[in-house]
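Subject: Structure for you to look at

Hello,

Here is the structure I said I would pass on. Please open it next to this email and follow along residue by residue.

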Amino acid sequence: MISFIVPAYNEELELLSTISAIRAAAEKIGNYEIIVVDDASTDATAEIAAKASTQVVSVDRRQIAAARNAGARAARGEVLFFVDADTRINARHVVDAMAALNAGCSGGGARIFADGVIPRWGRVLIKAFCGIYFALNLGAGAFLFTTRKAFDAIGGFNEELFIGEEIFFSLALRKLGCFNILREPVVTSGRKLRMYSAREILGNSFSVIMRGPRAAQSRDRLHLWYDGKRETRST
(Lines give C-alpha, C1' and ligand atoms only; values in the text may rest on other atoms or scores of the structure.)
Protein backbone atom coordinates (compact mmCIF):
# COMPACT_ATOMS: atom_id res chain seq x y z
CA MET A 1 0.00 0.00 0.00
CA ILE A 2 1.00 3.58 -0.67
CA SER A 3 -0.01 6.21 1.88
CA PHE A 4 -0.46 9.81 0.76
CA ILE A 5 -0.17 12.10 3.77
CA VAL A 6 -1.51 15.64 3.44
CA PRO A 7 -0.85 18.06 6.35
CA ALA A 8 -3.41 20.86 6.30
CA TYR A 9 -4.18 24.04 8.20
CA ASN A 10 -7.07 26.18 6.91
CA GLU A 11 -6.83 24.80 3.40
CA GLU A 12 -10.51 24.80 2.40
CA LEU A 13 -9.70 26.58 -0.86
CA GLU A 14 -6.91 24.26 -2.01
CA LEU A 15 -7.57 20.88 -0.40
CA LEU A 16 -10.18 19.38 -2.71
CA SER A 17 -8.04 20.02 -5.80
CA THR A 18 -5.07 18.41 -4.05
CA ILE A 19 -7.08 15.32 -3.09
CA SER A 20 -8.51 15.02 -6.60
CA ALA A 21 -5.03 15.25 -8.11
CA ILE A 22 -3.74 12.51 -5.79
CA ARG A 23 -6.62 10.22 -6.72
CA ALA A 24 -6.01 10.78 -10.42
CA ALA A 25 -2.27 10.17 -9.96
CA ALA A 26 -2.81 7.00 -7.95
CA GLU A 27 -5.74 5.41 -9.79
CA LYS A 28 -3.57 2.89 -11.66
CA ILE A 29 -1.32 1.83 -8.82
CA GLY A 30 -3.86 -0.27 -6.96
CA ASN A 31 -3.85 -0.15 -3.18
CA TYR A 32 -3.49 3.31 -1.65
CA GLU A 33 -4.90 5.59 1.05
CA ILE A 34 -5.11 9.34 1.55
CA ILE A 35 -4.68 10.74 5.05
CA VAL A 36 -5.42 14.40 5.71
CA VAL A 37 -3.91 15.69 8.93
CA ASP A 38 -6.04 18.60 10.09
CA ASP A 39 -3.82 20.69 12.33
CA ALA A 40 -6.32 22.80 14.32
CA SER A 41 -8.01 24.36 11.28
CA THR A 42 -10.72 26.94 11.95
CA ASP A 43 -12.33 26.64 8.51
CA ALA A 44 -13.96 23.75 6.60
CA THR A 45 -10.74 21.79 6.00
CA ALA A 46 -11.75 18.75 8.07
CA GLU A 47 -15.26 18.65 6.60
CA ILE A 48 -13.95 18.83 3.04
CA ALA A 49 -11.47 16.03 3.72
CA ALA A 50 -14.17 13.82 5.26
CA LYS A 51 -16.61 14.41 2.39
CA ALA A 52 -13.84 13.47 -0.03
CA SER A 53 -13.66 10.06 1.68
CA THR A 54 -10.18 10.48 3.05
CA GLN A 55 -9.02 9.45 6.50
CA VAL A 56 -8.89 12.53 8.72
CA VAL A 57 -6.41 12.75 11.60
CA SER A 58 -6.86 15.71 13.94
CA VAL A 59 -3.96 17.29 15.81
CA ASP A 60 -3.45 20.61 17.56
CA ARG A 61 0.20 21.43 17.09
CA ARG A 62 0.39 24.14 14.41
CA GLN A 63 3.64 22.62 13.23
CA ILE A 64 4.22 21.03 9.84
CA ALA A 65 6.74 18.45 11.09
CA ALA A 66 4.38 17.23 13.81
CA ALA A 67 1.46 17.05 11.38
CA ARG A 68 3.44 14.95 8.92
CA ASN A 69 4.60 12.60 11.67
CA ALA A 70 1.02 12.21 12.92
CA GLY A 71 -0.04 11.21 9.44
CA ALA A 72 2.79 8.70 9.18
CA ARG A 73 1.77 7.12 12.49
CA ALA A 74 -1.76 6.63 11.18
CA ALA A 75 -0.62 5.36 7.78
CA ARG A 76 -0.73 1.68 6.85
CA GLY A 77 1.41 1.91 3.74
CA GLU A 78 4.90 0.58 3.12
CA VAL A 79 5.57 3.70 1.01
CA LEU A 80 4.88 7.22 2.27
CA PHE A 81 4.20 10.25 0.09
CA PHE A 82 4.01 13.64 1.81
CA VAL A 83 2.04 16.13 -0.27
CA ASP A 84 1.29 19.64 0.99
CA ALA A 85 -2.36 20.65 0.89
CA ASP A 86 -1.71 23.32 -1.74
CA THR A 87 0.31 21.06 -4.06
CA ARG A 88 -0.79 19.06 -7.09
CA ILE A 89 0.96 15.89 -8.21
CA ASN A 90 0.35 13.69 -11.24
CA ALA A 91 0.81 10.06 -12.25
CA ARG A 92 4.38 10.64 -13.43
CA HIS A 93 5.42 11.61 -9.89
CA VAL A 94 4.03 8.38 -8.48
CA VAL A 95 5.51 6.19 -11.24
CA ASP A 96 8.95 7.80 -11.07
CA ALA A 97 9.03 7.83 -7.26
CA MET A 98 8.17 4.13 -7.10
CA ALA A 99 10.82 3.38 -9.72
CA ALA A 100 13.41 5.25 -7.64
CA LEU A 101 12.47 3.37 -4.48
CA ASN A 102 12.47 0.03 -6.28
CA ALA A 103 15.96 0.87 -7.57
CA GLY A 104 17.16 1.23 -3.98
CA CYS A 105 16.80 4.95 -3.30
CA SER A 106 15.97 5.89 0.27
CA GLY A 107 13.57 8.63 -0.82
CA GLY A 108 13.30 11.83 -2.75
CA GLY A 109 11.29 14.83 -3.80
CA ALA A 110 10.57 16.97 -6.85
CA ARG A 111 11.23 20.43 -8.18
CA ILE A 112 8.42 22.96 -7.78
CA PHE A 113 6.45 25.22 -10.08
CA ALA A 114 4.34 28.03 -8.59
CA ASP A 115 0.83 28.31 -10.02
CA GLY A 116 -1.27 31.31 -10.90
CA VAL A 117 -0.31 34.88 -11.66
CA ILE A 118 3.06 35.62 -10.06
CA PRO A 119 4.82 39.00 -10.06
CA ARG A 120 7.98 39.12 -12.15
CA TRP A 121 10.23 39.41 -9.11
CA GLY A 122 8.54 36.27 -7.75
CA ARG A 123 9.32 34.26 -10.88
CA VAL A 124 12.94 35.35 -10.70
CA LEU A 125 13.08 34.46 -7.01
CA ILE A 126 11.59 30.99 -7.55
CA LYS A 127 13.94 30.26 -10.44
CA ALA A 128 16.97 31.31 -8.40
CA PHE A 129 15.83 29.31 -5.38
CA CYS A 130 15.21 26.16 -7.41
CA GLY A 131 18.51 26.50 -9.22
CA ILE A 132 20.45 26.57 -5.96
CA TYR A 133 18.31 24.43 -3.66
CA PHE A 134 17.76 21.41 -5.89
CA ALA A 135 21.38 21.47 -7.05
CA LEU A 136 22.16 20.62 -3.42
CA ASN A 137 19.97 17.50 -3.80
CA LEU A 138 17.48 18.49 -1.10
CA GLY A 139 13.75 17.81 -1.10
CA ALA A 140 11.18 20.58 -0.81
CA GLY A 141 8.41 20.14 1.73
CA ALA A 142 5.69 20.39 -0.93
CA PHE A 143 6.42 16.84 -2.05
CA LEU A 144 8.57 14.15 -0.42
CA PHE A 145 8.54 10.37 -0.59
CA THR A 146 10.24 7.49 1.20
CA THR A 147 9.63 4.00 2.50
CA ARG A 148 8.18 3.21 5.90
CA LYS A 149 11.42 1.43 6.77
CA ALA A 150 13.55 4.47 5.97
CA PHE A 151 11.14 6.87 7.67
CA ASP A 152 11.26 4.86 10.88
CA ALA A 153 15.04 4.49 10.66
CA ILE A 154 15.59 8.27 10.68
CA GLY A 155 12.85 8.98 13.22
CA GLY A 156 10.62 10.93 10.85
CA PHE A 157 10.59 14.73 10.79
CA ASN A 158 12.36 16.66 13.53
CA GLU A 159 9.64 18.16 15.73
CA GLU A 160 12.07 20.60 17.29
CA LEU A 161 11.94 22.54 14.01
CA PHE A 162 9.18 24.83 12.74
CA ILE A 163 10.85 25.47 9.37
CA GLY A 164 13.58 23.70 7.42
CA GLU A 165 12.56 20.27 8.66
CA GLU A 166 12.57 18.97 5.08
CA ILE A 167 16.27 19.81 4.78
CA PHE A 168 17.21 17.66 7.75
CA PHE A 169 14.78 14.97 6.56
CA SER A 170 16.55 14.91 3.18
CA LEU A 171 20.01 14.83 4.75
CA ALA A 172 19.02 11.95 7.03
CA LEU A 173 17.64 9.93 4.13
CA ARG A 174 20.79 10.58 2.11
CA LYS A 175 22.76 8.75 4.78
CA LEU A 176 20.69 5.64 4.03
CA GLY A 177 21.04 5.69 0.25
CA CYS A 178 20.42 7.62 -2.94
CA PHE A 179 18.06 10.60 -2.63
CA ASN A 180 16.29 11.24 -5.92
CA ILE A 181 14.93 14.60 -7.13
CA LEU A 182 12.40 13.81 -9.83
CA ARG A 183 12.60 15.66 -13.13
CA GLU A 184 8.85 16.40 -13.27
CA PRO A 185 8.03 19.46 -11.10
CA VAL A 186 5.01 19.47 -8.81
CA VAL A 187 2.63 22.40 -9.04
CA THR A 188 2.29 24.26 -5.78
CA SER A 189 0.46 27.41 -4.78
CA GLY A 190 2.19 30.70 -5.56
CA ARG A 191 0.07 32.47 -2.96
CA LYS A 192 2.95 33.67 -0.80
CA LEU A 193 4.40 35.48 -3.80
CA ARG A 194 1.01 37.13 -4.35
CA MET A 195 0.19 37.96 -0.74
CA TYR A 196 3.57 39.26 0.44
CA SER A 197 5.89 41.82 -1.03
CA ALA A 198 9.46 41.11 -2.10
CA ARG A 199 10.62 43.13 0.89
CA GLU A 200 8.59 41.00 3.32
CA ILE A 201 9.73 37.67 1.86
CA LEU A 202 13.39 38.57 1.50
CA GLY A 203 13.47 40.41 4.82
CA ASN A 204 11.89 37.56 6.77
CA SER A 205 14.10 34.98 5.07
CA PHE A 206 17.24 37.03 5.72
CA SER A 207 16.25 37.40 9.37
CA VAL A 208 15.96 33.63 9.72
CA ILE A 209 19.37 33.10 8.10
CA MET A 210 21.02 35.68 10.36
CA ARG A 211 19.55 34.16 13.53
CA GLY A 212 20.82 30.74 12.58
CA PRO A 213 19.45 27.34 13.68
CA ARG A 214 17.67 28.78 16.71
CA ALA A 215 15.32 30.66 14.39
CA ALA A 216 13.77 27.36 13.31
CA GLN A 217 13.02 26.21 16.85
CA SER A 218 10.20 28.64 17.57
CA ARG A 219 7.30 30.26 15.72
CA ASP A 220 8.53 33.65 16.94
CA ARG A 221 9.18 35.94 13.97
CA LEU A 222 8.15 33.23 11.50
CA HIS A 223 4.96 35.00 10.43
CA LEU A 224 5.63 34.24 6.77
CA TRP A 225 5.12 30.56 7.58
CA TYR A 226 2.73 30.66 10.53
CA ASP A 227 0.47 33.70 10.35
CA GLY A 228 -2.18 31.57 8.62
CA LYS A 229 -2.79 34.13 5.89
CA ARG A 230 -4.75 32.67 2.97
CA GLU A 231 -6.12 33.81 -0.34
CA THR A 232 -9.89 34.10 -0.52
CA ARG A 233 -10.14 32.63 -4.03
CA SER A 234 -8.06 30.71 -6.54
CA THR A 235 -5.77 32.85 -8.68
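Leaving aside neighbours within four places in sequence, Val 37 is in contact with Ile 5, Val 6, Pro 7, Ala 8, Val 57, Val 59, Ala 67, Ala 70 and Gly 71. Keep in mind that this is a predicted model.

Val 37 also belongs to the largest nonpolar core, which has 55 residues. Along with Phe 4, Phe 81, Phe 82, Ile 89, Phe 143 and Phe 145, Val 37 is one of the members that touch the most others. In soluble globular proteins, nonpolar side chains tend to be buried together.

Next, the secondary structure. The chain has 10 helices and 8 strands. An open sheet of 8 strands runs in the order β3-β2-β1-β4-β7-β6-β8-β5, and its pairing is mixed. At the edges are β3 (55-59) and β5 (87-88), each of which pairs on one side only. Helix α1 (residues 15-26) packs on this sheet and touches β1 (2-8), β2 (32-39), β4 (79-83) and β5. The direction of α1 makes about 160 degrees with that of β2.

Ser 53, in the loop between α2 (45-51) and β3, has a positive phi of about 60 degrees although it is not a glycine. Arg 62, in the loop between β3 and α3 (64-74), is not a glycine either and has a positive phi of about 50 degrees. Which of the two is buried and which is exposed? Ser 53 counts as exposed because its relative accessibility is 61%, and the cut-off for exposed is over 50%. Arg 62 is buried, because its relative accessible area of 17% falls under the 20% limit.

Last, the chain as a whole. A compact globule of 235 residues would have a radius of gyration near 18 Å, and the chain agrees with that at 17 Å. Its C-alpha atoms fill a box of roughly 45 × 40 × 30 Å along the principal axes. Buried residues make up 50% of the chain. The accessible surface comes to about 11,300 Å², and 54% of it belongs to carbon and sulfur atoms.

Regards

Definitions and conventions:
Residues are numbered from 1 along each chain as its sequence is written. This is a predicted model: local features need pLDDT of at least 70, side-chain atom pairs count only at pLDDT 80 or more; totals for chains, interfaces and linings use all residues. Side-chain values use heavy atoms; hydrogens and water are left out. Two strands pair if DSSP finds at least two bridges between them. Helices (H or I, at least four residues) and strands (E, at least two) are DSSP runs, numbered from the N terminus. Contact means heavy atoms within 4.5 Å. Axes are lines fitted to C-alpha atoms, for helices over the stretch in contact, and angles run from 0 to 180 degrees between N-to-C directions. The radius of gyration is taken over C-alpha atoms; the globule rule is 2.2 Å times the number of residues to the power 0.38. Buried means under 20% relative accessible area, exposed over 50%, partly exposed in between (1.4 Å probe, protein chains only). Accessible areas come from the Shrake-Rupley method with a 1.4 Å probe; for residues, only the protein chains shown count as cover. A nonpolar core is a set of buried Ala, Val, Leu, Ile, Met, Phe, Trp, Tyr and Cys residues joined through side-chain atoms within 4.5 Å.
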